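Open the model in your viewer and keep the selection panel at hand. The tour goes from stop to stop.

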Amino acid sequence: ERFRRVSIWVCIAAVVTVAVLLQRMRGDERAGADSSQAQVGSAQLQPVSKQAELAAKVVVAFHGLAPTLEPSKLLDQVAQLKEGPFTERLGRTLLVGFVENWQAGIDQAKTIALPEGAVDEARQLRDLAIAAMEKRAELAKAGDAEGSGAVDEITAMRPMLGFFADAVGPDAPSKVWTALAVLFAAAAWYSIVLLSGIIALVVLAVLAASNKIRPRLVQAPSPHAALVLGETFLLWITVFLSLNVLLVAVLEPWAQSLSASVQLLASIAVMICSLLIALAYPARRGIGWTELRTLIGLHRGRGVGHEILQGALCYVSSVPLLAIGFVVFVVMSKVLEAFTGPSAGPSHPIVELFGDSTPFQVVLLYLLASVCAPIVEEIMFRGFFYGHLRSTVVPRVRVVSVLIAALASSAVFALIHPQGLLFVPVLGGLAVGFCLFREMRSSLIAPMVAHAINNAVTLTIGITLLS
């Protein structure tokens, strides 16, 4: 039993390490592609990213709200674009012209090196940007301060530069108010939820200390059952990551021609298949379905309706832990930036689908993020893995066992997500909140609902901002 337990942990650590390395390799490949586009060359230019457009909208919005704010402070918000692809570096010069003055933007645009692999296309785009800024400066001198006469240049640049092109025309301020309203609404939402979550955590702590609420988690009845839970999680994470690697390898040659719908459907299929394969394992190890459901929390608890309400409470209570993780992330990012300079923030590959999604693709996005992911990930992380750790790591000392199991399972949960190592404290903090309600409720319904609410809120904000 000790050998099996150690083997499970070593193998899980190995699989997660491989997953992190693969994510890093793909990130390096993308960064290398961006660098080659900016420095050496690539076959063709790539349009600016949705994240870059969002950063540009924020700069334009705050310039409108605080026109006296020092331009350099505004442009610091897009400092990372200096190291990005050619199109994003060129787009930043348009922001420089908008925020500072058009001649400054022209001067910076002229210094941007052309990518060797797309010299003609890049030169044409750069010349167009310079001409647009020159025209905007002339229009300003002629009394057209808003640049109404620069529409043709904007239209020509927009396919590659997106919102950056709008910075040259009269409609830039009007196009950011929706994004700004969404940002303020999101800030208000998270402020209210954060305050409510702090109150909820304090109340829950007081009730737990006075024994008015008692944990309901059912530990594995035998060492064998506890080990089977860990083995099942190991099987799932191995199958899930392997299928994702296989999916990337198979779809990569046709990535440009395949629609986003096909890629989303493939991701949903990977999640469902990996779950079904893993759920077949415990029965072969002597654990029946009825016993398994009790062990991993796949039951109604005190009733589906009651557990759904507890799920809303779980979400609210988890946000303060997410906020703590976010503070850690900001501090780590600032320390890293001091040594390595500005870098792109954490991002999920799915973000690039937000802006141009069809209604069917939006449905698939919600199905993947707010239905499939909460069900599959909660069954595996809070059901199998957390249940395994709670039954094997000093299970008789509840406080210590809960702390270790929550931190370990949450770290693995955060590490296999593609946002990067720096974002682990944020996702990990959220996951710890899910673990606490798994401990208190036993049923997985509350963590599933909380997970679904979090993903739905994040997805809604992202789609609204980037559309």
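Select Glu 439. At 5% relative accessibility, Glu 439 counts as buried. Buried means under 20% relative accessible area, exposed over 50%, and partly exposed in between, with a 1.4 Å probe and protein chains only. This is a predicted model, in which local features need pLDDT of at least 70 and side-chain atom pairs count only at pLDDT 80 or more, while totals for chains, interfaces and linings use all residues. Residues are numbered from 1 along each chain as its sequence is written, and side-chain values use heavy atoms, with hydrogens and water left out.

**Salt bridges**

A salt bridge here is a side-chain nitrogen of Lys or Arg within 4 Å of a carboxyl oxygen of Asp or Glu. Helices are DSSP runs (H or I, at least four residues), as are strands (E, at least two), numbered from the N terminus. Arg 398 is partly exposed, at 36% relative accessible area.

Next, pick Arg 441 and Glu 307. Their side chains meet in a salt bridge (2.9 Å, N to O). Arg 441 is in helix H17 and Glu 307 in helix H14 (residues 304-340), so the pair ties together parts 134 residues apart in sequence. Is Glu 307 buried or exposed? Glu 307 is buried, with a relative accessible area of 0%. Arg 441 also counts as buried, at 7%. The count of salt bridges comes to nine.

**Helix H16**

Select Ser 410, found in helix H16. Ser 410 is buried, with a relative accessible area of 2%. Leaving out residues up to four places away in sequence, Ser 410 touches Gly 428, Ala 431, Val 432 and Cys 435. Contact means heavy atoms within 4.5 Å.

Move to Ile 404, also in H16. Ile 404 counts as partly exposed, at 37% relative accessibility.

**The cores**

Select Phe 233, Trp 236, Ile 237, Ile 379, Met 380 and Phe 384. These have the most contacts inside the largest nonpolar core, which has 60 residues. Such a core is a set of buried Ala, Val, Leu, Ile, Met, Phe, Trp, Tyr and Cys residues joined through side-chain atoms within 4.5 Å. Which helix gives the largest share of this core? H15 does, with 14 residues.

Zoom in on Ile 237. Not counting residues up to four places away in sequence, Ile 237 touches Val 15, Val 16, Val 412 and Ile 416. Apart from this core lies another, of 44 residues, among them Phe 86, Leu 95, Met 133 and Leu 161.

**The whole chain**

Clear the selection and zoom out. The chain has 18 helices and zero strands. Along its principal axes, the C-alpha trace spans about 80 × 45 × 45 Å. Of the 467 residues, 47% count as buried. Residues 24 or more positions apart account for 78% of the contacts with a separation of 6 or more.
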